[in-house]
Amino acid sequence: VTWRFALEEIEGSVQHAYAEALKERIEERSDGRIEIDIFPYGSLGTSAQLTELVRNGSISLAFASPGHLANTIPEVGLFTLHYVLPDDADVTREILASAELLELFESPYANQNMKLLGFVPEGWMAWTANKALRSPEDFTGQRIRTMTSDMAEETFRAYGAEPSQIPYSQVYSDLQLRKIDGQSNPVFAIEEMDFYEVQTTMTLARPAQFVASVVSNLEWYDALPENQQQWLDNGLKDVAQIAWETQEELNQTRLEQMLEGGHMKVVRLTDSEREAFREASMPVRDIYLERTGESGQRILGRLNQLIEQTETRKQS
Ligand code: 6CS
């Protein structure tokens with residue numbers, strides 16, 4: 001059998017490394033009985049289209065970013081919020097890998113005919129524009145590209161920007177043509193999508209990790225023979241750690257590359273500058289809660305508890 005796995009990123013990316021590692025493990029464990037075909041971004045469509053292909057059963061596995069998914073699954077809009085996930089990225093990694101967090105999202109995904117297989121953090125979001133973005137005021141009137149959901153726009157609107165939803169593949173040309181002024185993505189992606197060529201400044205405010213989810217079609221997953229389901233589940237567990245290391249390395253080396261190339265000015269915000277953004281972003285949590293009701297309230301509440309517990313445990 002062949003499983004088709006569609007990515008929202010190009011070859012060489014974090015998602016590609018993840019898919020390659022998963023492929024290797026599953027093909028090995030299954031003794032070649034299962035083959036995985038990887039489709040990098042661009043080969044099957046936009047992120048929204050990939051999600052549709054999973055939901056209608058045309059492909060087995062795909063990455064689906066909350067930033068693109070939040071119109072379909074309002075609860076995942078959580079990951080578009082700023083300053084919700086802790087400063088210690090390692091705490092985030094642990095929480096995102098926990099069975100409890102996955103469980104909280106299980107039925108929101110299942111209601112849309114998807115099985116949530118895992119969350120994959122890919123590094124801090126970084127803002128690029130043709131100016132430094134040191135304060136919410138600096139965003140005034142800036143046309144900022146966001147992923148394709150309404151929730152993804154809200155935080156930038158709260159900062160005073162003019163957000164617009166644009167598919168990933170169109171961001172470079174829109175920046176080049178000055179149809180938009182800026183965008184937000186992890187460092188490795190800014191490098192591999194060449195955004196640095198058409199932007200002057202990268203601002204590091206560490207507002208949120210870019211979090212992707214790995215999904216499959218729900219009926220496909222439920223109908224898998226037990227051994228296949230086990231190969232898949234175990235494979236997913238193995239590659240989580242690899243993905244974490246890959247994103248750390250790619251984000252680091254590509255930042256250095258861009259700095260050495262003198263392509264962009266890099267601005268790192270101080271704690272008090274970050275604090276101003278945190279404050280400006282707070283009302284957006286109410287928008288999230290309005291759109292998700294009790295379900296979102298439960299998720300946000302439990303997430304905050306998990307953060308507190310994990311931080312306390314790490315300190316002791
Ligand atoms: O900004 C986006 O649309 C995309 N960014 C990354 C880093 N991965 C996938 C996502 O679709």
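Gln112 is in contact (C-beta atoms, placed from the backbone, within 7 Å) with Arg55, Thr72 and Ile73, residues up to four places away in sequence not being counted. The model is predicted: local features require pLDDT of at least 70 and side-chain atom pairs count only at pLDDT 80 or more, whereas totals for chains, interfaces and linings use all residues. Residue numbers start from 1 along each chain as its sequence is written.

Gln112 lies in the loop between helix H5 (99-110) and strand E4 (114-129); helices (H or I, at least four residues) and strands (E, at least two) are DSSP runs numbered from the N terminus. Gln112 counts as partly exposed because it has 16 C-beta neighbours inside 10 Å; 20 or more other C-beta atoms within 10 Å define a buried residue, 12 or fewer an exposed one, and values in between a partly exposed one. A separation of 9.4 Å is found between the C-alpha atoms of Gln112 and Asn217, which are 105 residues apart along the chain.

H5 packs against helix H12 (residues 283-315) at an angle of about 170 degrees, with the axes 10 Å apart. Axes are lines fitted to C-alpha atoms, for helices over the stretch in contact, and angles run from 0 to 180 degrees between N-to-C directions. H5 is therefore roughly antiparallel to H12, a term applied to angles over 145 degrees. Glu100, Leu101, Leu104 and Pro108 of H5 form this contact with Ser295, Ile299, Arg302 and Leu306 of H12.

The largest nonpolar core comprises 86 residues, and Tyr18, Ala62 and Val215 have the most contacts inside it. Such a core is a set of buried Ala, Val, Leu, Ile, Met, Phe, Trp, Tyr and Cys residues joined through C-beta atoms within 7 Å. E4 contributes the largest share of this core, 10 residues. Beyond its neighbours within four places in sequence, Val215 has contacts that include Val54, Ala62, Tyr109 and Leu117.

Tyr83, in the loop between helix H3 (66-69) and helix H4 (89-97), counts as buried because 21 C-beta neighbours lie inside 10 Å. Arg206, in the loop between strand E8 (201-204) and strand E9 (209-217), is partly exposed, with 17 other C-beta atoms within 10 Å.

Key:
Contact = placed C-beta atoms within 7 Å. Parallel < 35°, antiparallel > 145°, perpendicular 65-115°, else oblique.
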